[in-house]
Amino acid sequence: MSELSIRRPITVTMGDPAGVGPEVTARAWAARRENNLPPFVAIGDIAAIEAVWDGPVARVGDMDEVVRTFGEALPVWHLEDSGPLTPGSPTPAGATCALHALETGIGLTRNQASSALVTGSVSKHALHGIGYTHPGQTEFIAERCGVTATNAVMMLAGPSLRVVPLTVHIPLAEVPERLTSELIVAKTRIVVRGLRRNFGIDTPRIALAGLNPHAGESGQLGSEEERIMKPAIAQLAEDGIIVDGPLAADALFAPGIRDQYDALLCGYHDQALAPFKALHFHDGVNLTLGLPIIRTSPDHGTAFNIAGTGRADAGPTIAAIAMAERMATARERNCAPAK
């Protein structure tokens, strides 16, 4: 455990209190020793944890209390009560609590009381029902950090693979229009900076997946590789950033090929996430590059259908906390003044 994690605990928002967030956060604390997790504090309604877990809980109001109590009880930064709570049944009051937890977590991390932010899963439908207008949590976090949403880049990271979807939550039919050379160049620069700063990789090895089958077959199966991707790769090379590709996506994820790269850039959401989840469904982490703070998230949703049943897997939350700790340690090391 790093000195940084002891001095500044990690903040974990529980997400929607009717989802699995409270349970997996509590179970991550219960598994803290075998997973060597740093001190962290859960933010949300304490009743949401007590409804699904009978372990020790300690209300806290500052980070010093988190460190003092973490060994014996799960520290909880309690916000307003989210009203009558039934696991699996989201409510407007629960969505409000989830939003306030996110705002509190961002604030604690931005003012450096916390070393990193781990965000639990929320219901976008429930949030939109209380007037929330952002597409997801990432855009909200970026806005609060003074970063434009386009400069907040989603990466999925696991023990053997890191992927970046260059376009995210848009219809597949819109991808060719939205995938521009400018977008590829901008996001690749952010990815390279993030790999250097948060993972300590001085010279990242990057590959770009072709959009079309066989990477377009020199224009025979589509023109995006020739018109959009190759000019972007050439521009990045002028900046000293070497990107291999565009490479045929059907082979890029094969063992022995994916292992050559620190990150794979993909044209659209499922091109990146389908192979990633096949490999790292239980230990994959969603993280955001391009922010002034460290933000990770377990790669799953609220799972209302199993909330309160004891079937939720805490593995992704454990992985997200551990990833946040490694990133915080790397950032401290890489940003430390030279002696």
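1. Leaving aside its neighbours within four places in sequence, which residues is T25 in contact with? V12, M14, F40, A42 and T317 are the partners. The model is a predicted one. Keep that in mind for every point below.

2. Where T25 sits. The residue belongs to helix α2, which covers residues 21–30.

3. Overall make-up. The protein has 13 helices and 12 strands. Its chain runs to 339 residues. Of these 339 residues, 54% count as buried.

4. Overall dimensions. The C-alpha atoms fill a box of roughly 60 × 50 × 35 Å along the principal axes. The radius of gyration is 20 Å. A compact globule with 339 residues would have a value near 20 Å, so the two agree.

5. Contacts along the chain. Residues 24 or more positions apart account for 74% of them.

6. Surface. The accessible surface comes to about 14500 Å². Carbon and sulfur atoms hold 52% of that surface.

7. The largest pocket. About 940 Å³ of space lies in it. Its lining is made of 33 residues. T138, E139, M154, V168 and H169 lie nearest the centre of the pocket. The elements that give two or more residues to this lining are α7 (137–144), β6 (153–157), α9 (181–199), α12 (269–280) and β12 (295–298).

8. By class, 14 of the lining residues are polar, 12 are nonpolar and 7 are charged.

9. Helix α7. This helix gives two or more residues to the lining of the largest pocket. Which residues of α7 are buried? Q137, F140, I141 and A142 are. An α-helix has 3.6 residues a turn, so residues three or four places apart point the same way. What covers the buried residues of α7 includes α5 (92–110), β5 (117–119) and β12. Strand β12 also gives two or more residues to the lining of the largest pocket.

10. After α7. G146 follows this helix. The phi of G146 is positive, near 75 degrees.

Conventions: Residues numbered from 1 in each chain as written. Predicted model: local features only at pLDDT ≥ 70, side-chain atom pairs only at ≥ 80, totals over all residues. Heavy atoms only, no water. 1 Å grid on protein atoms, 1.4 Å probe; cavity = no way out; pocket = protein on both sides within 12 Å on 5 of 7 lines; lining within 4 Å. Points joined across faces, edges and corners; volume = space filled by probe spheres on them. Helix = DSSP H or I, 4+ residues; strand = E, 2+ residues; numbered from the N terminus. Nonpolar A, V, L, I, M, F, W, Y, C, P; charged D, E, K, R; others polar. Rg over C-alpha atoms; globule rule 2.2 N^0.38 Å. Buried < 20%, exposed > 50% of the residue type's maximum accessible area, 1.4 Å probe, protein only. Contact = heavy atoms within 4.5 Å. Areas by Shrake-Rupley, 256 points an atom, 1.4 Å probe, with all protein chains shown as cover.
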